[in-house]
Amino acid sequence: MPQSKSSELRLHVAGMDCADEAALIRHALAKPGVASLNFDLVGRRVDVTFDPEQISSAVILAAVEATGLAAHAHQAGDVVGDDHHAHDHHHDAAKWWAIASAVVFLVAWVIDGLYSESWTEAIFGHAGDPDHGHHRYAAVVYGIAAFLGLWPMIPRALTSLRFGRLDMHVLVCLSAIGAAAIGQWAEAAAVAFLFALAHLMEAWSIERARQAVATLVGHEPSWGDDRAHESAPVERWIERFAARYTPVVTFAAIAVALIPPLIDGQWGVWFYRGLIFLVLACPCALVISTPVTVVAALTSAAGRRVLFDGGGPL
């Protein structure tokens with residue numbers, strides 16, 4: 001029998017903490033010769049099956065690093081713990097950006113309240129008077145809060161655009177920028193801060209699972225065998241669905257913002273409605289839900305001294 005031409009490459013990807021980063025790597029490795037990819041968010045690992053006659057391991061590694069994520073190859077069973085300092089530094093930096101955004105957001109709200117007719121007006125806005133916006137001082141501080149919340153995700157959004165992807169980082173940045181463009185500075189700051197908080201919670205849940213597994217096996221999780229880590233089937237389905245659904249939602253939001261004003265001339269109103277549609281229809285929660293659920297299940301099982309090889313068995 002002829003030998004199989006396929007080869008295996010196991011990559012450790014520092015900072016790979018969410019499904020969106022896994023989807024970005026999957027997009028970057030959509031190349032001839034790459035047969036399959038399996039992701040292990042807990043172990044920060046990507047298993048690549050490829051044909052060495054069509055693509056080399058060096059090209060695969062370079063493609064992953066082009067996403068802005070540091071990566072290196074390692075063997076099955078290797079104890080991987082060399083990126084803790086960099087990972088902790090990145091996580092701490094993101095945490096402080098989110099805290100700064102929250103504090104500045106609160107300061108802006110206080111300023112808005114002091115110059116508003118009532119605190120209710122500062123909280124819920126000026127629903128009956130679209131021309132009555134935020135006080136100029138509050139608008140500036142809201143803008144700073146939005147910038148602080150968006151700053152950690154801007155590089156990832158630019159990378160996604162460079163790869164032709166419209167992921168949640170891009171959609172959140174577009175929503176915040178669009179809200180600011182029509183004078184809704186508080187909404188822009190709220191979108192930026194809430195997404196930064198959600199990203200921190202996701203990273204925290206995965207790090208908690210990583211620590212639980214490390215406690216069980218005695219070192220940084222690498223699963224210790226040559227079997228590919230299996231993602232849950234529903235997780236792979238949701239990734240494929242989101243890859244098609246997100247562009248459809250984006251173009252639908254553009255249509256909402258541009259087509260009705262051609263009839264009634266209310267450009268500001270429909271632009272705002274287009275932004276609302278974009279935020280409400282964004283598949284962020286759908287994309288995040290499955291991997292976070294799998295990670296939570298792995299964490300719970302590890303706490304009971306049961307170790308699953310990924311989401312497939314679950």
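Val103 sits in helix α3, where helices (H or I, at least four residues) and strands (E, at least two) are DSSP runs numbered from the N terminus. With a relative accessible area of 48%, Val103 comes out as partly exposed; buried means under 20% relative accessible area, exposed over 50%, and partly exposed in between (1.4 Å probe, protein chains only). Along the chain, Val103 and Ala145 are 42 residues apart, yet their C-alpha atoms are separated by 8.0 Å. This is a predicted model, in which local features need pLDDT of at least 70 and side-chain atom pairs count only at pLDDT 80 or more, while totals for chains, interfaces and linings use all residues. Residues are numbered from 1 along each chain as its sequence is written, and side-chain values use heavy atoms, with hydrogens and water left out.

Val104 also belongs to helix α3, which covers residues 84–115. Is Val104 buried or exposed? Its relative accessibility is 18%, so Val104 counts as buried. Setting aside neighbours within four places in sequence, Val104 is in contact (heavy atoms within 4.5 Å) with Val141, Ile144, Ala145 and Leu148. Val104 and Gly143 are 39 residues apart in sequence, and 9.4 Å lies between their C-alpha atoms.

For the protein as a whole, there are twelve helices and four strands. Buried residues account for 46% of its 314 residues. Of the contacts between residues at least 6 apart in sequence, 73% join residues at least 24 apart.

Helix α1 (residues 19–28) has eight of its ten residues buried, so this helix is largely enclosed by the rest of the structure. Those buried residues are Ala19, Asp20, Glu21, Ala22, Ala23, Leu24, Ile25 and Ala28. Two of these names, Leu24 and Ala28, come back among the residues touched by Thr67, along with Arg156, Thr159 and Phe163, not counting residues up to four places away in sequence. Thr67 itself lies in the loop between α2 (57–65) and β4 (71–73), and counts as buried because its relative accessibility is 1%. The Thr67 side chain also reaches the backbone oxygen of Val64 at 2.5 Å.

Now for the helix pairs. Two packed helices are described by the angle between their axes and the distance between the axes. Axes are lines fitted to C-alpha atoms, for helices over the stretch in contact, with angles running from 0 to 180 degrees between N-to-C directions. Helix α6 (residues 154–162) and α7 have axes that come within 8 Å and cross at roughly 115°. That makes α6 roughly perpendicular to α7 (angles under 35 degrees count as roughly parallel, over 145 as roughly antiparallel, 65 to 115 as roughly perpendicular and the rest as oblique). From α6, the contact draws on Ile154, Arg156, Ala157, Ser160 and Leu161, and from α7 on His169, Val170 and Cys173. These residues split into five nonpolar, two polar and one charged; Ala, Val, Leu, Ile, Met, Phe, Trp, Tyr, Cys and Pro count as nonpolar, Asp, Glu, Lys and Arg as charged, and the others, Gly among them, as polar.

Helix α7 (residues 168–181) also packs with helix α11 (residues 267–281), at an angle of about 155° and with axes 10 Å apart. The two helices are therefore roughly antiparallel to each other. Leu171, Leu174, Ser175, Gly178 and Ala179 in α7 meet Phe271, Leu275, Leu278 and Val279 in α11. Here the contact residues comprise seven nonpolar, two polar and no charged.

Key:
A polar contact is a pair of N or O atoms within 3.5 Å; within protein, one must be able to donate a hydrogen and the other to accept it, and residues adjacent in sequence count only if both atoms are side-chain atoms.
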